[in-house]
Amino acid sequence: MLEKVELKEIARRALVECMALQNNETALVVTDGTVPEVAGAFWQAARELTREAIWMEFQPRSRHGEEPPAAVAASMTAADVLLLPTSRSLSHTRARRKACETGARVASMPMITTEMMARALAVDYEAMRSLTRKYVEVLTASGVARVTSPGGTDITMELKGRIGFMDAGELQQRGASGNLPAGEAYIAPLEGSAEGVVVLDGSLAGWGRLEEPIIIEVKEGLAVRVEGGEAARWLWESLTKCGEAGTALAELGIGTNEKAIVSGNILEDEKAIGTVHIAFGDNKGFGGKVEAGIHLDGLILKPTVEVDGEVVIKEGRLLLR
């Protein structure tokens with residue numbers, strides 16, 4: 001098990017290199033009590049770097065994308081740097097968006113573990129940012145993307161007019177938001193444009209590693225049929241509980257972190273080089289139009305990605321180096 005001093009040093013590096021936390025700023029750690037070692041490491045590191053480090057804890061939410069308590073949401077808008085080690089993601093919430101609108105720099109860390117923290121935060125950020133930027137530029141410039149895989153994925157989606165985003169630990173600017181660990185290029189496809197089949201065969205947010213693939217049929221941008229055992233039933237129930245918006249194909253993401261591995265934890269899995277993830281539900285926070293109260297990512301292994309007919313990932317091998 002990692003010593004507290006080691007975790008604090010890793011947290012300190014992230015606060016300095018990724019967040020650029022200053023000694024005259026307020027840092028707020030918002031947690032739900034499920035990852036005390038990680039939350040504690042960030043709080044202790046922040047206490048040594050800035051004049052005001054605050055800890056807030058609330059009851060775990062029932063799903064990714066569910067809003068935190070109103071008192072927590074209000075406090076989030078008053079901080080300069082927000083650290084969110086939780087069991088359910090706050091990334092795709094009105095509370096997070098409002099905090100960024102008021103200038104907060106946000107690091108969201110849903111389901112983070114101490115092992116993941118030690119492994120995937122210790123990355124060459126300069127190299128990762130260079131690689132991620134190449135894929136963001138390609139996604140932004142493309143009109144149509146197609147994703148296929150040996151597992152059976154074959155889906156197309158329109159990207160024209162949408163801007164790709166870079167999650168590579170660059171959270172120094174006012175209003176910036178991303179994950180720690182970082183390492184992905186992602187984009188919100190045009191609503192209603194996705195057509196085909198998505199086969200998730202790696203892991204699923206809120207569930208974990210998939211023992212059986214999940215087959216999702218997508219028509220006019222919406223999931224219309226989901227098959228594949230217990231995980232598939234759970235996914236369909238979770239998405240449809242939030243209405244039609246919950247079934248919207250919301251995101252295409254490409255992993256770019258060479259230190260990340262596929263462990264069954266989607267926070268790290270979706271950052272692993274050689275993977276692609278597709279999300280359903282909310283995408284309003286990164287250029288889309290869907291506000292759903294849920295956002296669930298699923299992993300595709302050994303994907304091939306074409307943009308406007310050009311192959312940029314071949315069976316998990318990134319070609320833009």
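Guide: Strands here are DSSP runs of E with at least two residues, numbered from the N terminus. One thing to keep in mind is that this is a predicted model.

Visitor: What makes the place of R146 a strand?
Guide: R146 lies in β5, which covers residues 144-148. A run needs at least two residues of type E to be called a strand, so β5 gets the name.

Visitor: Why is R146 called partly exposed?
Guide: Its relative accessible area is 33%. Buried means under 20% and exposed means over 50%, so a value in between is called partly exposed.

Visitor: Which residues does R146 touch, leaving out those up to four places away in sequence?
Guide: R146 touches D154, I155, T156, T304, V305 and E306. To count as a contact, heavy atoms have to be within 4.5 Å. As for V311, it is 165 residues from R146 along the chain, and their C-alpha atoms are separated by 9.2 Å.

Visitor: How do you know that the chain agrees with a compact globule?
Guide: For 321 residues, the rule puts the radius of gyration of a compact globule near 20 Å, and the chain has 18 Å, so the two agree. Along the principal axes, the C-alpha trace spans about 50 × 40 × 40 Å. Of the residues, 57% count as buried.

Visitor: How many helices and strands does the chain have?
Guide: Eight helices and 20 strands. Looking at contacts between residues at least 6 apart in sequence, 70% of them join residues at least 24 apart.

Visitor: What makes β1 and β3 a pair?
Guide: Three bridges join β1, residues 26-31, to β3, and the strands run parallel. Pairing takes at least two bridges, so β1 and β3 qualify. L28 stands opposite L82 there.

Visitor: And how do you know that β3 and β4 pair?
Guide: They share four bridges, also in the parallel sense. With at least two needed, that counts as a pair, therefore the label holds. The bridge partner of L83 in β4 is A107.

Visitor: Which way do the side chains of β3 go, and are they buried or exposed?
Guide: From β3, residues 81-84, V81 and L83 point one way and L82 and L84 the other. All four are buried, so each has under 20% relative accessible area.

Visitor: What about α4: which of its residues are buried?
Guide: In α4, residues 94-101, the buried ones are A95, R96, R97, A99 and C100. The elements covering them include α3, β3, β4 and β8. After α4 comes G103, with a positive phi near 110°.

Note on methods. Residues are numbered from 1 along each chain as its sequence is written. This is a predicted model: local features need pLDDT of at least 70, side-chain atom pairs count only at pLDDT 80 or more; totals for chains, interfaces and linings use all residues. Side-chain values use heavy atoms; hydrogens and water are left out. The radius of gyration is taken over C-alpha atoms; the globule rule is 2.2 Å times the number of residues to the power 0.38. Buried means under 20% relative accessible area, exposed over 50%, partly exposed in between (1.4 Å probe, protein chains only).
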